[in-house]
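This report describes a structure of two chains. It takes up the fold of one chain, the contact between the chains, and the confidence of the prediction.

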Amino acid sequence: MFASFDAHWRDQALAGDPQAIQELADLALRTLYSFCLYRVGNKRELCEEAVQETVLHAIDRLAEYDPQRADGDVLPWLTGLARNEIHRVLAREKGTVSLEELWASVDGELLAAYGRVNAELLSDEVLRREETRELVNATMSQLPPHYRAALECKYVEGRSVREMAELQSVSEKAAESLLSRAREAFRATFLAISRNIETQVRTSC
Amino acid sequence: MSTEQTPDTSQPQGESIADRNVERLVAAAYRPETPSEDFARRLQAAAQARATTRKETTAMTDLSVSEHAGARSGAVRLVGWGVAAAVVAAAVVGLIVLNVKAPPRHDTGVAAPVPEKTAGAAGQPQTGEAKPKLVPLKLELPKPLFEGTPKNMKGWKLAPPRGNEPFLVPEGCKNVSLHKPVTSSDAEPTVGDLKQVTDGDKEAVEGSYIELGPGLQWVQIDLRQACNIYAIVMWHFHKEARVYRDVVVQVADDSDFITGVRTIFNNDADNSAGLGVGADMEYLDEYTGKLIDAKGVKARYVRCYSKGNTSNDQNHYTEVEIHGIPAR
């Protein structure tokens, strides 16, 4: 097991070490998949294509990855490659990927509820709606990985701030601060996407 | 839809409504999509295969560079390499003369021109042993025979015709696929018999080629033992100017193409064959065959895919030659 995607990992991967390559593919499955999915219109086959091509390009171009500069975090480099693949896939699928299609069933009342996310507690019914699930997934996929990880750690895995701090080897204050910024990013993204949908729904009507 | 249902409004100290909504949304509605197990397996396999190919290619490129450097210094010395240089020079001159005077007609023993990408980069497996001498690959070419009016391919980006440099392979490299067993995705070809793919007959006449059904189809050759493969030469159907679509050539260690799958050539630009996007160029099928530099890759099975052509949806194979050396 490699501690991080550092110079040792890169050397091993360049040498074709199966463990090093497996870790790269695992990382792609854990993080790149969700990164790509909503960017290609929630189409699994396009997402799989983008993820696979990203990983293969990453292997081809591994010599370009600078672990020192990236501080052992290969994800930013990988997402950069993934953006190119997504761009290519979307260019090819021009006209078939759109939020409009994704949100065909959304209604005005639901959008209004989303718009009040900073002012009113959302009802259980809103939380149960499929559209809400899609919107939350889309929002999470747009967040930087460390924000997404913080929100998952706190609200999905149910860890305390102290546990998060221990996991990240930072102070509780720093963990709380990260969580706060992650929530803020989530709200801003959630609102931006729902407003975008609202605009599209209005335009189509 | 009603949003009148009253949620629990008790609010922990210091938490805003907005923060609580984030918590509720992530905890209750966040269902991250997870990749299927099948895709996870495919991705792992593809990544491992690419890493293996990359490693082999890098090693062979390094070796090839050093061999070319050695060949250059040998040419200066002339003495030690005299015989080999004479063979290479004769082949080059022969090719140039043939090219200038007239198209070759059923040429035998002609040095194969290089593929468009790698000029004679005869890769070597790394064994740590003495490097074998490189010689031009000799191919027996069929008669050129273009009939009918070629399709209008103006604007198509096709691979340029081959150059005239000899394609170098290690001495002892031979056609290891001749009369070897062939299987296919289409077990009962519409025309011909699968064994014709490796029968040595490359002529563009009736009875020399097989026709497989429409859509993506493949033929697979079992070399009966692992070989270091240096060149794969394919003739689909060279009776008229055609481009076969989504041509992909892979090698593997097992007949089901699960272990050690490596892609040697892929010109499927949009992944319509589902084997990944390839960067190789489409090409016009000609009597000279499509020569693919396999860089000495070690494998027992070779699979050639295609998905119709510019004239029809069928897939044709006149001959596939795999030039290599049985692995030790």
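How many helices and strands does chain B have? In this predicted model, chain B has 3 helices and 13 strands. Of the 328 residues in chain B, 41% are buried. Among contacts in chain B between residues at least 6 apart in sequence, 79% join residues at least 24 apart.

B:Ile292 lies in strand S11 of chain B, which spans residues 290-307. B:Ile292 has 22 other C-beta atoms within 10 Å, and because the cut-off is 20 or more, B:Ile292 counts as buried. The C-alpha atoms of B:Ile292 and B:Ile232 are 5.1 Å apart, although the two residues are separated by 60 residues in sequence.

**Contact between the chains**

Where the chains meet, 40 residues of chain B are in contact with 48 residues of chain A. On the side of chain B that touches chain A, helix H1 (17-29) and helix H2 (37-77) each supply at least two residues. The largest share, 13 residues, comes from H1(B). The residues on this side of chain B divide by class as follows.

| Class | Residues of chain B touching chain A |
|---|---|
| Nonpolar | 20 residues |
| Polar | 10 residues |

**Confidence in chain A**

Chain A has a mean pLDDT of 85, and 89% of its residues reach 70 or more. Where pLDDT is low, the predicted coordinates should not be read in detail.

Methods. Residues are numbered from 1 along each chain as its sequence is written. Chains are lettered from A and ligands numbered from 1 in the order in which they are written. This is a predicted model: local features need pLDDT of at least 70, side-chain atom pairs count only at pLDDT 80 or more; totals for chains, interfaces and linings use all residues. Two residues are in contact if their C-beta atoms, placed from the backbone, lie within 7 Å. Helices (H or I, at least four residues) and strands (E, at least two) are DSSP runs, numbered from the N terminus. Ala, Val, Leu, Ile, Met, Phe, Trp, Tyr, Cys and Pro count as nonpolar, Asp, Glu, Lys and Arg as charged, and the others, Gly among them, as polar. A residue is buried if 20 or more other C-beta atoms lie within 10 Å of its own, exposed if 12 or fewer, and partly exposed in between; C-beta atoms are placed from the backbone. pLDDT is the predictor's confidence in each residue, from 0 to 100.
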